[in-house]
Amino acid sequence: MCGIIGVASKKEQAIPMILQGLKTLEYRGYDSSGIAYFKENQIVITKTKGRISDLEQQINFKETSSLGIGHTRWATHGEANQVNAHPHQVGKITIVHNGIIENYQELKAKLQENGYSFLSSTDTEVACALLDFYYEKTNSVTQAIQAFIHEAKGSYAIGLLCQEEPDTLYAIKKDSPLIVAASNDTNFIASDIPAVLEYTSSYYVLEDEEYAILTKDHITFYDKGGKVLTKEEKHYDASLESPNKGSYPHYMIKEMMEQPDTIWKTMQPFLENGLASLAKLPDLTKYDRIDIVACGTAWHAGLVGKYFLEEYAAIPVDVCLASEYRYKRLFLSPKVLVIFISQSGETADTLAALKRVKEEACHTLGIINVKDSSIARVVDQVIYTKAGCEIAVASTKAFTAQVAILLLLALQAAYQKNLMEEKQVLAVIEEFKHLKDHLTPLLAKRSEYQKIAKELYKQEDIFYLGRGLDYDLMMEGALKLKEISYIPSVCYAAGELKHGTISLVQEETRVIASCTNPLLDPKTMSNLKETKARGAKIYLITNNVELTKDKDIDSVFLLDQTSEFLVPFLVIIPLQFLAYKIALLRQCDIDKPRNLAKAVTVE
Ligand code: AGP
């Protein structure tokens, strides 16, 4: 969701550097882009709707510059068009902005009274005018920034140029990610570290209501009152990165194929020395109850976690959507643990829910993929998933890594509470160590997935059904399909079907289901037969050979028989593949699906 890059360099290479940074940020999702740079003490702005390649066509590459800013915009206020694209310029101030200025209407009215008029429908142009208003009053950018921080409500990461300071780049931050980075010859601001990894891995994190002043030689940090801050220089561990697609046509398939390794990397520190390693995990048995808070795929991982924590460790768990949790009445105490799950560590709703919980007397644990991200910095304790950089908007390897941590937490808590014997726990650990042997053949069944995808890709809708753990996994499968193929995919608990939704089932309706629980499978099977009786075609994922013999099932993905702890990793692979293959047949933009952003940094 919106990307920012800013460059203050000793070299006249700012334009290609900004464009390269914007390309790296493309995965965040955007619908327009723009660039502003100093050329002979004048600010040149180029912006357009569409892709970075559209922007490049409008740029005069004969020009050079050493200082500038760039932006990819994911529309919030006002449609995606050239006027609304960033950078915005008002008076002497030019900015790029991520986030939402919540009181922009009020500020706009005040600025209009003071003679400002507006060309775009954006809150960003209002932010820019506010900064210009205070700049004109004080003749000082830093004083304008301090006044802005005082007055603007909402979230912002801002890169700023002032017409009268051609050697200076400003950065301002609140509730939207922004880092400052330094290489030998160039200083940067960026929405995330991969945008500048080509040049440097050393960076500083801007905290809320802080700002920074960058020139080609210096970086200085300030708090909102103008006090100079000393910041710790951080170094990004790029060893987990997979910055290109390699031989794969899309990041999504590459990331799916990485899962045997990423799951293992995530689990390994807690498994290598058996029970002693497992004991390094936080002790969940201290708590009466757990709330898991997350969005989208991370929320689905939370549902899988709930199943195992309740079934095996007998700890009651609520799994809450962060966008609901941040506003609902909370029942928290020191006996409640709140777990926040996030790949990006920047999701606005999850971060806001976390900030709310931090005001209460209870412990917070993060399961986060991106190191030093905002959520990772705020939680009391963090466990990092080792999925590496996930570029495709549709999350795959981050999901299985999140599930991996939750399974280990459940296993450890079950052991501590004597609900699983040592030999049972060791047997599961042993199975985890051989997970790859089950996953590799599943990942290789590409022609099978392709065959089914061909039967499904023209459907107007697809049903996903399951019970218990299977239902949780089906929800994730259905999300993957709608995200990247745009086929409406409805997921239901199989037992709920008769209470309304079965009215949608008709001749040629396609139903995908999974049955991996011997206690629940007969129930789900009879629900499936009810759809069959109304003309549905059934695609079943199961580890139960007996079910494959049922003549009502049209197609089967047979999984290996394993402990239930391995089931989520096995069921999800055919679901990810079906979504991918169907999207491919529908010629969708798989890594950058329409309207979606990788990190949802606005509410
Ligand atoms: C997953 O495929 C989605 N793109 C989306 O639901 C995502 O999981 C959600 O936005 C949460 O993101 P996070 O894990 O970075 O917090």
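Student: How do α13 and α14 run relative to each other, roughly parallel or roughly antiparallel?

Tutor: In this predicted model, α13 and α14 pack at an angle of about 165°, with their axes 10 Å apart. They are therefore roughly antiparallel to each other.

Student: And the handedness of the α13 and α14 crossing, left or right?

Tutor: That crossing is left-handed.

Student: Which residues make the contact there?

Tutor: From α13 you have Leu407, Leu408, Leu411 and Tyr415. The α14 side brings Glu422, Val425, Val428, Ile429 and Phe432.

Student: What about α7 against α13, what angle and axis distance do they have?

Tutor: About 25°, with the axes of α7 and α13 9 Å apart. That makes α7 roughly parallel to α13. The way α7 passes α13 is a right-handed crossing.

Student: Why would residues three or four places apart point the same way in an α-helix?

Tutor: Because an α-helix has 3.6 residues a turn.

Student: OK, staying with α7. Which salt bridge does aspartate 261 form?

Tutor: Its partner is lysine 436, and the closest N and O atoms are 3.1 Å apart. Aspartate 261 sits in α7 and lysine 436 in α15 (residues 435–443), so the pair ties together parts that are 175 residues apart in sequence.

Student: Is lysine 436 buried, exposed or in between?

Tutor: Lysine 436 has 42% relative accessibility, so it counts as partly exposed. Aspartate 261 is also at 42% and counts as partly exposed.

Student: How many salt bridges does the count come to?

Tutor: The count comes to 37 salt bridges. One of them pairs glutamate 546 with lysine 549, at 2.9 Å from N to O. Both glutamate 546 and lysine 549 are exposed.

Student: Switching to α5. Which of its residues are buried?

Tutor: In α5 (residues 141–151), the buried ones are Val141, Ala144, Ile145, Ala147, Phe148, Ile149 and Glu151.

Student: And what covers them?

Tutor: The cover includes α3 (104–113) and α4 (123–138), along with strands β7 (156–162), β8 (169–174) and β12 (210–214).

Student: Now tyrosine 37. Where does it lie, and in which strand?

Tutor: Tyrosine 37 lies in β2 (residues 32–39). At 1% relative accessibility, it counts as buried.

Student: What does the tyrosine 37 side chain have a polar contact with?

Tutor: The side chain of glutamate 63, at 2.6 Å. Setting aside neighbours within four places in sequence, tyrosine 37 is in contact with Ile15, Gln42, Ile43, Val44, Glu63, Ser65, Leu67 and Gly68.

Student: How far is its C-alpha from that of valine 7?

Tutor: The two C-alpha atoms are separated by 9.2 Å, and tyrosine 37 and valine 7 are 30 residues apart along the chain.

Student: Last topic, the threonines in loops. Where is threonine 516 found?

Tutor: Threonine 516 is in the loop between β23 (510–515) and α18 (521–532). It counts as buried, at 6% relative accessibility.

Student: What does its side chain contact?

Tutor: There's a polar contact of 2.8 Å with the side chain of aspartate 470. Leaving out neighbours within four places in sequence, threonine 516 is in contact with Asp470, Asp521, Asn543, Val567 and Val571.

Student: And threonine 501, where is its place?

Tutor: Threonine 501 is in the loop between β22 (489–493) and β23. It counts as buried at 8% relative accessibility. Not counting residues up to four places away in sequence, threonine 501 touches Phe463, Val490 and Tyr492.

Conventions. Residues numbered from 1 in each chain as written. Predicted model: local features only at pLDDT ≥ 70, side-chain atom pairs only at ≥ 80, totals over all residues. Heavy atoms only, no water. Salt bridge = Lys/Arg side-chain N within 4 Å of Asp/Glu carboxyl O. Helix = DSSP H or I, 4+ residues; strand = E, 2+ residues; numbered from the N terminus. Buried < 20%, exposed > 50% of the residue type's maximum accessible area, 1.4 Å probe, protein only. Polar contact = N/O pair within 3.5 Å; in protein donor to acceptor, adjacent residues only side chain to side chain. Contact = heavy atoms within 4.5 Å. Axes fitted to C-alpha atoms, helices over the stretch in contact; angles between N-to-C directions. Parallel < 35°, antiparallel > 145°, perpendicular 65-115°, else oblique. Left-handed = near helix turned anticlockwise from the far one by under 90°.
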